[in-house]
Amino acid sequence: MEAADYEVLSVREQLFHERVRECIISTLLFATLYILCHIALTRFKKPAEFTTVDDEDATVNKIALELCTFTLAVALGAVLLLPFSIISNEVLLSLPRNYYIQWLNGSLIHGLWNLVFLFSNLSLIFLMPFAYFFTESEGFAGSRKGVLARVYETVVMLILLTLLVLGMVWVASAIVDNDKASRESLYDFWEYYLPYLYSCISFLGVLLLLVCTPLGLARMFSVTGKLLVKPRLLEDLEEQLHCSAFEEAALTRRICNPTSCWLPLDMELLHRQVLALQTQRVLLEKRRKASAWQRNLGYPLAMLCLLILTGLSVLIVAIHILELLIDEAAMPRGMQGASLGQVSFSKLGSFGAIIQVVLIFYLMVSSVVGFYSSPLFRGLRPRWHDTAMTQIIGNCVCLLVLSSALPVFSRTLGLTRFDLLGDFGRFNWLGNFYIVFLYNAAFAGLTTLCLVKTFTAAVRAELIRAFGLDRLPLPVSGFPRASRKSQHQ
């Protein structure tokens with residue numbers, strides 16, 4: 001055998017080992033995400049649905065829960081995709097010849113993007129509809145009952161749904177695209193119609209992020225305020241604790257002696273009021289026991305960080321709007337080859353890359369908070385050990401739509417210069433200047449409007465409470481006056 005043949009064999013062997021190494025790394029990463037998501041879902045599932053007398057229903061729910069775990073792991077992978085790529089590029093720039101990070105290369109990153117795109121399509125189009133129909137199925141009439149009968153019915157329903165969706169996508173693509181071949185043939189299902197369907201779903205997710213993220217950015221201040229201990233600004237916690245204890249004692253006496261009052265009592269309402277007072281008393285005790293550093297330093301620093309991150313996000317979007325008007329390179333585009341470790345995607349170097357990663361995570365958390373705070377999706381909010389299986393499926397689908405649109409969302413707003421890899425950069429609407437420009441302008445406008453409205457209202461309400469103006473008999477603008485009945489109690 002000649003030397004050239006040995007070189008060819010060595011190159012092939014090296015490529016084989018690289019592919020095996022990438023498969024092992026991808027499997028380990030996904031297994032880690034799968035375990036984390038499984039632990040999270042078991043904390044929210046309703047135990048009664050998995051310990052029923054009917055073993056068939058319990059088996060069906062367990063299978064559906066595993067499918068939901070897979071989908072949630074894909075959603076978490078989509079969230080980590082862009083930050084992991086940005087950090088990997090900076091690591092390769094800082095340590096270009098380090099032996100211990102040779103596994104981190106452009107081929108691995110590109111493969112991860114393709115796997116997330118593939119599993120997102122698989123989960124949204126096949127797995128989640130299968131899980132929903134599987135939990136709702138009972139088997140065809142006249143057939144033998146069992147899990148297999150439910151599988152048959154679910155497969156038939158899934159085939160009919162696939163044909164319906166495929167026909168709608170074919171008609172939509174034929175209307176948008178005047179290409180005759182696209183209207184007459186379904187041959188390019190994998191190369192054209194499936195990415196086109198996912199492009200529509202991604203566009204829906206980007207629009208959902210446009211609505212939920214500004215709302216979530218405004219809600220983050222109130223959510224953080226509930227989790228942290230607020231400083232005592234002209235407040236007497238002892239007086240509030242005594243008032244809460246007296247009100248709870250009065251309500252408890254009413255519940256224990258309902259015949260002592262000649263008016264009919266709503267016992268359910270009284271129990272809810274007692275629980276609310278107990279929760280309020282626990283929070284007041286927590287505030288009283290908190291240290292001065294936690295009370296006077298932690299809360300202001302958290303609010304300041306939120307304000308800086310939100311203002312920085314709006315500032316970056318405003319600068320990106322100006323860049324769109326001046327430079328065509330600011331438009332989001334796809335990149336087929338992942339050339340990592342050559343140039344930084346931030347003008348500030350590694351520090352700017354860290355800021356980009358923090359902003360991406362912050363906007364994702366804000367979008368989830370805004371999603372569950374909106375009146376339309378508030379009913380989907382999961383409850384601890386009390387979430388039905390169909391509700392878990394709905395949450396997994398919504399989170400996957402939001403997370404899979406996060407890379408496109410971040411690149412469209414100009415939060416990062418990292419170009420979209422794989423099929424994420426093949427979306428048709430990314431090249432439309434008017435859509436990208438209007439999207440950036442709408443995000444900046446909605447975020448500013450929500451922040452101004454929420455921040456001014458929150459500051460006004462806190463000042464009114466701090467100075468005790470809410471207890472005055474005179475009505476105060478922006479704050480509801482307490483009734484005479486509640487004042488005398």
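Colleague: How does the span of helix α11 agree with its number of residues?

Modeller: Helices here are DSSP runs (H or I, at least four residues), numbered from the N terminus, and the expected span is 1.5 Å times one less than the number of residues. Helix α11 covers residues 389-404, 16 residues that should span 22 Å, and its end C-alpha atoms are 22 Å apart, which agrees. This is a predicted model, in which local features need pLDDT of at least 70 and side-chain atom pairs count only at pLDDT 80 or more, while totals for chains, interfaces and linings use all residues. Residues are numbered from 1 along each chain as its sequence is written, and side-chain values use heavy atoms, with hydrogens and water left out.

Colleague: How many of the residues of α11 are buried?

Modeller: Buried means under 20% relative accessible area, exposed over 50%, and partly exposed in between (1.4 Å probe, protein chains only). In α11, 13 of the 16 residues are buried, so the helix is largely enclosed by the rest of the structure.

Colleague: Which residues have the most contacts inside the largest nonpolar core?

Modeller: In soluble globular proteins, nonpolar side chains tend to be buried together. A nonpolar core is a set of buried Ala, Val, Leu, Ile, Met, Phe, Trp, Tyr and Cys residues joined through side-chain atoms within 4.5 Å. The largest one has 81 residues, and Cys68, Met389, Phe409 and Phe443 have the most contacts inside it. Helix α2 (residues 55-94) supplies the largest share of this core, 16 residues. Apart from it lies another core, of 5 residues, including Leu251 and Val274.

Colleague: What does leucine 41 touch, beyond residues up to four places away in sequence?

Modeller: Contact means heavy atoms within 4.5 Å. On that basis, and with residues up to four places away in sequence not counted, leucine 41 touches Leu65, Cys68, Thr69, Leu72 and Ile392. Leucine 41 belongs to helix α1 (residues 3-44) and counts as buried at 7% relative accessibility. Its C-alpha atom is separated by 9.7 Å from that of tryptophan 384, 343 residues apart along the chain.

Colleague: How many aromatic pairs does a search of the whole structure find?

Modeller: Rings of Phe, Tyr and Trp (its six-membered ring) pair if their centres lie within 6.5 Å; planes under 30 degrees apart count as stacked, over 60 as edge-to-face and the rest as tilted. The search finds 13 such pairs. Phenylalanine 30 and phenylalanine 70 are edge-to-face, at 5.2 Å centre to centre with 65° between the planes. Phenylalanine 30 lies in helix α1 and phenylalanine 70 in helix α2, so this pair ties together parts that are 40 residues apart in sequence. The rings of phenylalanine 130 and phenylalanine 134 are stacked, because their centres are 5.4 Å apart and their planes at 25°.

Colleague: Where in the chain are the partners of the salt bridge between aspartate 386 and lysine 46?

Modeller: Side chains of opposite charge can pair when their charged atoms come close. A salt bridge is a side-chain nitrogen of Lys or Arg within 4 Å of a carboxyl oxygen of Asp or Glu. For aspartate 386 and lysine 46 the closest N and O atoms are 4.0 Å apart. Aspartate 386 is in the loop between α10 (350-373) and α11, and lysine 46 is in the loop between α1 and α2, 340 residues apart. Aspartate 386 also meets arginine 383 in a salt bridge (3.5 Å, N to O), and Lys46, Arg383 and Asp386 are linked in a network of salt bridges.

Conventions: Helix = DSSP H or I, 4+ residues; strand = E, 2+ residues; numbered from the N terminus.
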